[in-house]
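Hi everyone, thanks for making time. I'd like to walk you through one structure and pick out two spots in it.

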Amino acid sequence: MCAPDSQLPAIAADVLERLRRQAPRVHCITNAVAQVFTANALLAAGAVPSMTIAPDEVGVFVERANALLINLGTFDPERRAASETAVAVARGVNLPWVLDPVFIDRSPVRAAFAKALLARNPAAIRLNRAEFVALAGAADEANMVAAFARSHGAVVGLTGATDLISDGQRLVAVGNGHAMMQKVTALGCAESALVAACLAVERDAWRACVAALLIFGVAGELAGRRARGPGSFAVEMLDALHGMDRDALLTQARVS
Amino acid sequence: MCAPDSQLPAIAADVLERLRRQAPRVHCITNAVAQVFTANALLAAGAVPSMTIAPDEVGVFVERANALLINLGTFDPERRAASETAVAVARGVNLPWVLDPVFIDRSPVRAAFAKALLARNPAAIRLNRAEFVALAGAADEANMVAAFARSHGAVVGLTGATDLISDGQRLVAVGNGHAMMQKVTALGCAESALVAACLAVERDAWRACVAALLIFGVAGELAGRRARGPGSFAVEMLDALHGMDRDALLTQARVS
Amino acid sequence: MCAPDSQLPAIAADVLERLRRQAPRVHCITNAVAQVFTANALLAAGAVPSMTIAPDEVGVFVERANALLINLGTFDPERRAASETAVAVARGVNLPWVLDPVFIDRSPVRAAFAKALLARNPAAIRLNRAEFVALAGAADEANMVAAFARSHGAVVGLTGATDLISDGQRLVAVGNGHAMMQKVTALGCAESALVAACLAVERDAWRACVAALLIFGVAGELAGRRARGPGSFAVEMLDALHGMDRDALLTQARVS
């Protein structure tokens, strides 16, 4: 059942081509700081973002979307209520959804909410190391990531210097990315939105998550070669996502 | 009464010069994703933006402004209430206001709200083709646009590969713009804000709307020549708005 | 007690080095338009931003932060409540906080709120000339700035073509900066956030404020040399903050 690692860059290229052909709608309930870069990253990659959290609209937007992102940054009561509605609607229509538990290591109430959402079957969870430790109560080692994914029935995409992606059975490490990604706000949030976009066009959630993290990581490396600092890095990142192609993925992806 | 088309680029240049000389204040009730780019586009063009939606402040900001924008994106209850107040104040002091019915094709409650606002005399409505169809219940052909403008007493600026601008009597098509404008969030929203800014310095709402769409479209073409993707396009767009001048408008405008 | 002016660029360089070494957490309650650029400017300079205004989270974020910014732009009821909580928590744990009374010259209720906050011991106030006049009821001359700082026990950082920084005893003028800074939204807001970041690593609030305004002003000049308009200026500004070093500060700072 496990795809050979050497096939993953080609699978990511297939997913990207479907993303551009199908232009899936991704509804994002995401934090105020991340909205613009997330919308632009989705557009650059080929998806169509929407972002409303209005109580009487969020349901219809989710129903007509192809995937959903729930990001817990700047988690005010309106976003919390919108997330409850959105996840309920998504489950009702069998829409894949992604959880990004931003900064749960900094806020106990947010961590509790993230744990409650875990029980509602996210297809994937994208988070960083501190957030994984807060969510899983365990170290961020590969076997812990796989065990957590297995016990929750969700793909985990743990990003950092090396990304780990597991669904409990399969586990892969992605070595792409660039240090400057830590110096631009909302990069991780946008990466989670890209996971949602890939889920809209690839039913195997592990492959979708690997594809998203490969596309994002390779784009980060290309951006890092052109940027002179974090301002130009953010610009180059969007250009690189837009210009990403099969050749760049096949030649630059580092999976192991 | 109809300006010869060949004069429109010069009229747009006049409007732009007044915009820079008068630096009008434009109060924008706009969606969370569009606020930053809209503010920067207004500043780049020469206007002064404000954006508050606080219930006890929005009235005084509108009173002291020279034009108002109501954009229905991310339309939460606070923005809805602020819009009601803002439009009432604007009408009381005879301030021109612009309606941008973002995504009403995606949300029935938003479409109903847009229709209610139509009765409150917007000077102009800026929207895309899907939104026009949802609002007008008609195809987006030139004669339908003119009929809709006539029956509602408002200028319609319908943007797309070709823009159509009509006040019911006059109708012009603007051929400027660039495909990359679809790949950056908030471009259309910022264009609506520029319509409001032009209304602040030009009483003929049709000329103001034509001027705004010409300035924006020509800036888009200049940006498209320099950009390598949607990230750099957004940057170049602001630079092009700031650097726009009579010569660029006279030589590059395509009106028919 | 007064630092010789000739030492101030070196002091700013020391503060910047500590900022990068300590990576202080700066909690920002700031307006919707300023959040992204503020977060990116703090990251570029070496600090770690957070931005939540959720009532049940803001306290814990402030407690775990090293400095706090209260910015009054887009001042809705949620931000107002969050500010009350945040300032109370900050005072309880002796955290330095900065007040940025954005646009109080445009809104009487906002001006009244700013005056109430003044009594709660901000370490520094960063504002422009129109805001100073509205807050102090006095002209923006150097002796008025010093008198206002003295009577309120807070450092005042008044920015414009020339910046004035006073704690009531000490007064310095900073001549760095660039005209394009007026053409990009949120630049002043981000500068206030940098004052907060510097307060987190420098107990002398006057030195912290001078350091922040020097770093920001020199970055603005470097950005202005590379930019072709306000779009590229914003990008270059972040790159310049990230690349700022002792040499640039020592050779380019203009203090008097």
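Predicted model: local features only at pLDDT ≥ 70, side-chain atom pairs only at ≥ 80, totals over all residues.

Let's start with strand 7 of chain A, residues 163-166. Which strands does it pair with? On one side of the story there's strand 6, residues 155-158, and the two pair in the antiparallel sense over three bridges. A hairpin with four residues links strand 6 of chain A to strand 7 of chain A. If you want a landmark there, look for A:Val156, which sits opposite A:Ser166 of strand 7.

Then there's strand 8 of chain A, residues 171-174, also antiparallel to strand 7 of chain A, with four bridges joining them. Here A:Asp163 has A:Val174 as its bridge partner. The hairpin between strands 7 and 8 of chain A has four residues between the strands, and in it A:Gly168 takes a positive phi near 105°.

Okay, over to the B–C contact. Chain B puts in 26 residues and chain C puts in 22 residues. On the chain B side, helix 2 (35-45), helix 3 (58-63) and helix 10 (230-243) each supply at least two residues. Helix 10 of chain B gives the most, with eight residues. By class, that side of chain B has 14 nonpolar, six polar and six charged residues.

Conventions: Residues numbered from 1 in each chain as written. Chains lettered and ligands numbered in written order. Contact = placed C-beta atoms within 7 Å. Nonpolar A, V, L, I, M, F, W, Y, C, P; charged D, E, K, R; others polar. Buried ≥ 20, exposed ≤ 12 C-beta atoms within 10 Å, placed from the backbone. Pairing = 2+ DSSP bridges.
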